[in-house]
Amino acid sequence: MTRLENEEATSNTNTSTEDIPTHASAGPYKVHHCTHIYKFKEALPRATAAADADIEPPWTVEKKLKKLHLQPQTHSPSPVPFFHLLERLKTTKRAGWERFHIHHGESISDHMYRMSLLTMFAPPSLASRLNIPHCTKMALVHDMAESIVGDITPIDGIEKEEKSRRESLSMDYLCGSLLGNVWGGMTGNDLRQIWQEYEDGQTLEAKYVHDIDKMELILQMLEYEKRYNGGINLIEFKWVAKRINLPEVRAWCDEVLDDREQFWKRLGTESKDVSDTGAIARSEEYYGNGTA
């Protein structure tokens, strides 16, 4: 048993192991006895710091940093204060999985790191039209604001416009207040422009990275289902596949979804659509412009 599995096996001693479906036919994917409940038809409501309900409106970066007990040195000629704040990307978990009892899942930086590698694998038909190094940099920057705001999801009750405002303020702080005096602010300005390009979603590079963002989620969805041997059904996240636009990325996604279908068949069952339709509707409205 790995350290991660051991943590999950011991983190809740009040629930029964009988609640976890296991399947002997799943091949190499084993589930160790643990005490979480994994249900197909029920996901936990989420109440995390991302919503910041205890911060008096209007939300500001300064109020959030005070809540986090962080006081980075601003307007420094050194990038070190910025380096330290980036640590939060390593320790802040991607929030969507927590509703399904995956409490030791990927961090924001885990997600961005694999995205950055995926950008390098554009097929020649697409790579010839892309600035690949720019895409890789965009993948590493696109969620940087979450080092301050956290991973806000549609179920947090924060309007899309407010989420965008908070993230924009956070990027202004990171790239201006922390990096504005570092080498004349050139790197900070570059990061801010790349982030805005991703948010606007108009260039081919931005569209590609948005597709890669969804592709990485689809990969992680299947990997968690395999890790728990079919004991959790994450089909609720499958909807993002419909938002992948470039055919080259769509081909990768179809391959993963075919693998997922075969995985569930090997378990002797089907992955029934037991999604929270309300959560999906909120997500589709939240990301209705085709970008996420």
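Good morning, colleagues. The structure before you is a predicted model, and I shall therefore begin with confidence. The protein chain has an average pLDDT of 83, and 75% of the residues score at least 70. Two stretches call for caution. Across residues 1–42 the pLDDT is below 50, although this stretch has 69 contacts in the model beyond near neighbours in sequence. Residues 44–50 likewise stay under 50 in pLDDT, and here the model has 20 contacts beyond four places in sequence.

I turn next to a pair of helices. In general, two packed helices are described by the angle and the distance between their axes. For α5 and α7, the axes come within 8 Å and cross at roughly 170°. As angles over 145 degrees count as roughly antiparallel, α5 is therefore roughly antiparallel to α7. Which residues make the contact? On the α5 side they are Met-112, Met-115 and Ser-116, and on the α7 side Thr-136, Ala-139 and Leu-140. Sorted by class, this contact of α5 with α7 has 4 nonpolar and 2 polar residues, with no charged ones.

Which helices each supply at least two residues of the lining? They are α3 (80–85), α4 (87–91), α5 (108–118) and α7 (132–141). By class, the lining of the second largest pocket divides into 10 nonpolar, 1 polar and 3 charged residues.

Finally, some remarks on the backbone. Pro-58 belongs to the loop between α1 (3–10) and α2 (61–67). Two histidines have positive phi values: His-75, near 55°, and His-101, near 70°. His-75 is located in the loop between α2 and α3, whereas His-101 has its place in the loop between α4 and α5.

Thank you for your attention.

Notes. Residues numbered from 1 in each chain as written. Predicted model: local features only at pLDDT ≥ 70, side-chain atom pairs only at ≥ 80, totals over all residues. Heavy atoms only, no water. Helix = DSSP H or I, 4+ residues; strand = E, 2+ residues; numbered from the N terminus. Nonpolar A, V, L, I, M, F, W, Y, C, P; charged D, E, K, R; others polar. Axes fitted to C-alpha atoms, helices over the stretch in contact; angles between N-to-C directions. Parallel < 35°, antiparallel > 145°, perpendicular 65-115°, else oblique. Contact = heavy atoms within 4.5 Å. pLDDT = per-residue confidence, 0-100.
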